[in-house]
Amino acid sequence: MTTLFTSIFPLLAYLAYNIIVPQVEKLRPSLSVIMNMQRRRWVANATRRETPFDAILSGNIMQSVSFLASTAVLLVLAVFAVFGQLPTLMEALDSLSLDRVYTVVDVQLHLVIMLTMFVLAFFAFTLSLRQFNHFCIMLGAIDHDRVTTEEEIDAIARMNGLGARNFNSGIRAYYFSVSATAWFVSEWLAVAVCLVTVLVLAHREFFSSAHRTAASAAVMAARHRKDRAP
């Protein structure tokens, strides 16, 4: 039972993190929430210019997401390949494991857990790619012959934010898969690494220097808009 718990713990932590963080964001804005403000500024500024600059930015974002989605596919295939090399893997684990000897069933179950995490990452990245594609279409559909309404700007910015949220979900799956890999060394090491991963991600989202810098930029932008307001 303990082995099952430690094996599935990284997946549960990943799912719980994606559920709990949006609730915490209601009390303290995360880096992602602050960057959503910048996304809205981007769209608002894009409505006032007719240059390829915004298309270039969007293309760079989509290229990064596409690369990570392709990587997720390779990782899924790699896990399937490991299923065919279980005897070799069991021999390696006998010399690597620190606190116990795993059975074939234990290892197979854990490989399924890792496969699930990489599949979730793949779906998150591909959904993100699709949403960024929608964002590009909505951005390109802007009519520069009239003033774009605030509602239109909000809708386009929200689409960008949805793409970013799913991109972050895919990245988190990669992070938590590291703790899942640590399980092969020690089942309790996997739990420890998973908890450290949660702390690192929480620090990056809520207390990092990037968070402070983005918040400062948002405040300065708000002051600038206030000063320009009639």
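Mentor: For accessibility, a residue is called buried under 20% relative accessible area, exposed over 50% and partly exposed in between, using a 1.4 Å probe and protein chains only. Please keep in mind that this is a predicted model, in which local features need pLDDT of at least 70 and side-chain atom pairs count only at pLDDT 80 or more, whereas totals for chains, interfaces and linings use all residues. Residues are numbered from 1 along each chain as its sequence is written, and side-chain values use heavy atoms, with hydrogens and water left out.

Trainee: Okay, what secondary structure does the protein have?

Mentor: The protein has eight helices and zero strands, so its pattern along the sequence reads α-α-α-α-α-α-α-α, where helices (H or I, at least four residues) and strands (E, at least two) are DSSP runs numbered from the N terminus.

Trainee: And what box do the C-alpha atoms fill?

Mentor: Taken along the principal axes, the C-alpha atoms fill a box of roughly 70 × 35 × 20 Å. Of the 230 residues, 39% count as buried, and the protein exposes about 13,100 Å², of which carbon and sulfur atoms supply 68%; these areas come from the Shrake-Rupley method with a 1.4 Å probe, and for residues only the protein chains shown count as cover.

Trainee: What share of the contacts joins residues at least 24 apart?

Mentor: Among contacts (heavy atoms within 4.5 Å) between residues at least 6 apart in sequence, 83% join residues at least 24 apart.

Trainee: Switching to charges, how many salt bridges are there?

Mentor: The structure holds four salt bridges, each being a side-chain nitrogen of Lys or Arg within 4 Å of a carboxyl oxygen of Asp or Glu. In one of them the side chains of D154 and R40 meet at 2.5 Å, N to O. That pair links distant parts of the chain, with D154 in helix α6 (residues 150-182) and R40 in helix α2 (residues 31-46), 114 residues apart.

Trainee: Is R40 buried, exposed or partly exposed?

Mentor: R40 counts as partly exposed because its relative accessibility is 25%, and D154, at 28%, is likewise classed as partly exposed.

Trainee: Which residue does R146 pair with?

Mentor: R146 forms a salt bridge with E152, with the closest N and O atoms 2.8 Å apart; R146 is partly exposed at 40% relative accessibility, and E152 is partly exposed at 29%. Elsewhere, salt bridges that share partners join R40, E150 and D154 into one network.

Trainee: And which residue does R49 form a salt bridge with?

Mentor: The partner of R49 is D54, the closest N and O atoms being 2.7 Å apart. R49 is partly exposed at 25% relative accessible area, whereas D54 is buried, with 5%.

Trainee: Where is D54, and what does D54 touch?

Mentor: D54 is found in helix α3 (residues 53-83), and, leaving aside residues up to four places away in sequence, D54 touches W42, A46, R49 and L139.

Trainee: What about L68, where is that?

Mentor: L68 is also placed in helix α3, and with 15% relative accessibility L68 counts as buried. Beyond residues up to four places away in sequence, the contacts of L68 are F125, F167, I171 and Y174.

Trainee: Then E205, buried or exposed?

Mentor: E205 counts as buried, at 11% relative accessibility, and lies in helix α7 (residues 187-206). Not counting residues up to four places away in sequence, E205 touches Y17, S30, L31, S32, R172 and H211.

Trainee: Last topic, the surface: which residues form the nonpolar patch?

Mentor: M1, L4 and L109 form a nonpolar patch, with about 340 Å² of accessible area together. Patch residues have over 30% relative accessible area and no salt bridge, with like charges joined within 9 Å and nonpolar side chains (Val, Leu, Ile, Met, Phe, Trp, Tyr) within 5 Å.
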